[in-house]
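Please look at the sequence and the 3D structure shown here, and then read the short report that follows.

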Amino acid sequence: MPLGLKVFFILLCCLMSWTADWNYISVLWILAFGLFRNNFSLQMTSFILIGILFYVLPDFSILDPNAIFRLGILLTLPLFTMYDGTLGRKSFLMKWGFYIIYPGHLLILYVLRYYIF
């Protein structure tokens, strides 16, 4: 695939994910993890750089005491280093449970938001 077409699809994915939880940042992280598939140090370097450039710095303010919590993304680094590359157990219940539980809990939170607030 030509480079221009690849860039187009990456930008399209970033645009389509704009309203998601982690918006385009997650697209860039997935892209970097795929590009540096066999190089763990480059994966972690790109994770840190993308996180700081696109997540921490744009909203970071010394005056805002809650802004420091954005650096919490760095707390995932020890978890990444513990992963040895092996797949977990494959279970029908686990697979479909997560497909039901994740959107289900979001739906419950959405409904509670309107009843509580």
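Which residues touch the most other members of the largest nonpolar core?

## Basis of the model

This is a predicted model, in which local features need pLDDT of at least 70 and side-chain atom pairs count only at pLDDT 80 or more, while totals for chains, interfaces and linings use all residues. Residues are numbered from 1 along each chain as its sequence is written, and side-chain values use heavy atoms, with hydrogens and water left out.

## The largest nonpolar core

A nonpolar core is a set of buried Ala, Val, Leu, Ile, Met, Phe, Trp, Tyr and Cys residues joined through side-chain atoms within 4.5 Å, where buried means under 20% relative accessible area with a 1.4 Å probe and protein chains only. The largest one has 13 residues, of which Cys-14, Tyr-24, Ile-25, Leu-28, Trp-29 and Ile-50 touch the most other members. Two or more residues each come from helix H2 (23–35) and helix H3 (40–56), helices being DSSP runs of H or I with at least four residues, numbered from the N terminus. H2 gives the most, with six residues.

Beyond its neighbours within four places in sequence, Trp-29 is in contact (heavy atoms within 4.5 Å) with Trp-22, Ser-46, Phe-47, Ile-50, Gly-51 and Ile-73.

## Helix H3 and its cover

Within H3, the buried residues are Gln-43, Met-44, Ser-46, Phe-47, Ile-50, Gly-51 and Val-56, and what covers them includes H2 and helix H4 (77–82).

Leu-77 lies in H4 and, not counting residues up to four places away in sequence, touches Met-44, Phe-47 and Ile-48. The C-alpha atoms of Leu-77 and Met-44 are separated by 7.5 Å, although these residues are 33 residues apart along the chain.

Definitions and conventions:
Buried < 20%, exposed > 50% of the residue type's maximum accessible area, 1.4 Å probe, protein only.
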